[in-house]
Amino acid sequence: TNGISVELSLWGNDGVLKNSVILPEVFTDLPNTVIRTLGDRIYILQANSLAILDTDLNLQKTLFFPGDAYGRMHLTSDGTLYLGGYANSLYHVDLSNGTFVPYEFPDLPAELAEASVHFDIADHLYLAEASGIYQVDGTKYSCVLEWNSGNAKYNNNMDLRVFDENTF
């Protein structure tokens, strides 16, 4: 993206351009674009716009999220698509109906009411808020990192990536 348009290009191993597509104008809101792939689908999220393309860059579907996903999109290994936002909002994307189904956090502690949602590579949920990072396991919320124990500082706009249980 260049702030004017979002263009995807498909290049062959020989360096020859195979295909190119410019996404609809709604994908020019923000300079950051999140792209995930699984199988024969490409998922592109920017602000509240979600595009789904096939591997030949043919646009299959465009959906508009009723909020702001803050660039937090997660695609599980089984193809389930989630959008995570601020204040513990998490949505499962029902691609067949084009709807966003809210995920309810069971027994959410009051101190995590404004936490933002993140994922790790093993499809576990994490909530990040002003005091630390919490792993979500059903109805159990375990603090796995306290900000004041290191030199890290919390920022509600951060993009948290968890590489393994010891590396964030």
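Four strands make up an open sheet in the order β7-β8-β9-β10, with antiparallel pairing. Strands are DSSP runs of E, at least two residues long, and are numbered from the N terminus. Two strands pair if DSSP finds at least two bridges between them. At the edges of this sheet stand β7 and β10 (99–102), each with a single partner strand, so one side of each is left without a neighbour in the sheet. From one strand to the next, the twist averages 30°. Axes for such angles are lines fitted to C-alpha atoms, and the angles run from 0 to 180 degrees between N-to-C directions. The antiparallel strands β7 and β8 are joined by 4 bridges. His74 has Tyr82 in β8 as its bridge partner.

The model is a predicted one: local features need pLDDT of at least 70, side-chain atom pairs count only at pLDDT 80 or more, and totals for chains, interfaces and linings use all residues. Residues are numbered from 1 along each chain as its sequence is written, and side-chain values use heavy atoms, with hydrogens and water left out. pLDDT is the predictor's confidence in each residue, from 0 to 100. The chain has a mean pLDDT of 80, and 82% of its residues reach 70 or more. Confidence is lowest in β11, at a mean of 76. It is highest in β5, at 89. Where pLDDT is low, the predicted coordinates should not be read in detail.

Another open sheet has 4 strands, in the order β11-β12-β13-β14, and its pairing is antiparallel. The edge strands are β11 (116–119) and β14 (140–146); each has a single partner strand, so one side of each is left without a neighbour in the sheet. The twist here averages 30° from one strand to the next. Strands of a sheet pair through backbone hydrogen bonds, either parallel or antiparallel.

Within this sheet, 5 bridges join β12 to β13, which run antiparallel. A hairpin links these two strands through 2 residues. Strand β13 (residues 132–137) is joined to β14 by 6 bridges, again with the strands antiparallel. Ile133 stands opposite Leu145 in β14. Tyr134 faces Cys143 in β14 as its opposite residue. The hairpin of β13 and β14 has 2 residues between the strands, and Gly138 takes a positive phi near 65° there.

Leu125 lies in strand β12 (residues 125–129). This residue counts as buried, at 13% relative accessibility. Buried means under 20% relative accessible area, exposed over 50%, and partly exposed in between (1.4 Å probe, protein chains only). The bridge partner of Leu125 in β13 is Val136. Leu125 and Val136 are 11 residues apart in sequence, yet 5.3 Å apart in space, C-alpha to C-alpha. Leaving aside neighbours within four places in sequence, the contacts of Leu125 include Leu90, Tyr103, Phe105, Val117 and Tyr134. Contact means heavy atoms within 4.5 Å.

The largest nonpolar core holds 13 residues, of which Leu50, Met73, Leu81, Leu83 and Val93 touch the most other members. A nonpolar core is a set of buried Ala, Val, Leu, Ile, Met, Phe, Trp, Tyr and Cys residues joined through side-chain atoms within 4.5 Å. Two or more residues come from each of β4 (41–46), β5 (49–54), β7 (72–75) and β8 (81–84). Val93 touches Leu50, Leu63, Leu81, Leu83, Thr99 and Phe100, not counting residues up to four places away in sequence. A second, separate core has 12 residues, including Phe105, Leu112, Tyr134 and Tyr141. In soluble globular proteins, nonpolar side chains tend to be buried together.

Leu10 stands opposite Asn19 in β2. The hairpin of β1 and β2 has 5 residues between the strands. In this hairpin Gly15 takes a positive phi near 85°.

The count of salt bridges comes to 1. A salt bridge is a side-chain nitrogen of Lys or Arg within 4 Å of a carboxyl oxygen of Asp or Glu. Arg41 and Asp40 meet in this way through their side chains (3.9 Å, N to O). Arg41 is partly exposed, with a relative accessible area of 27%. Asp40 is also partly exposed, at 47% relative accessibility.
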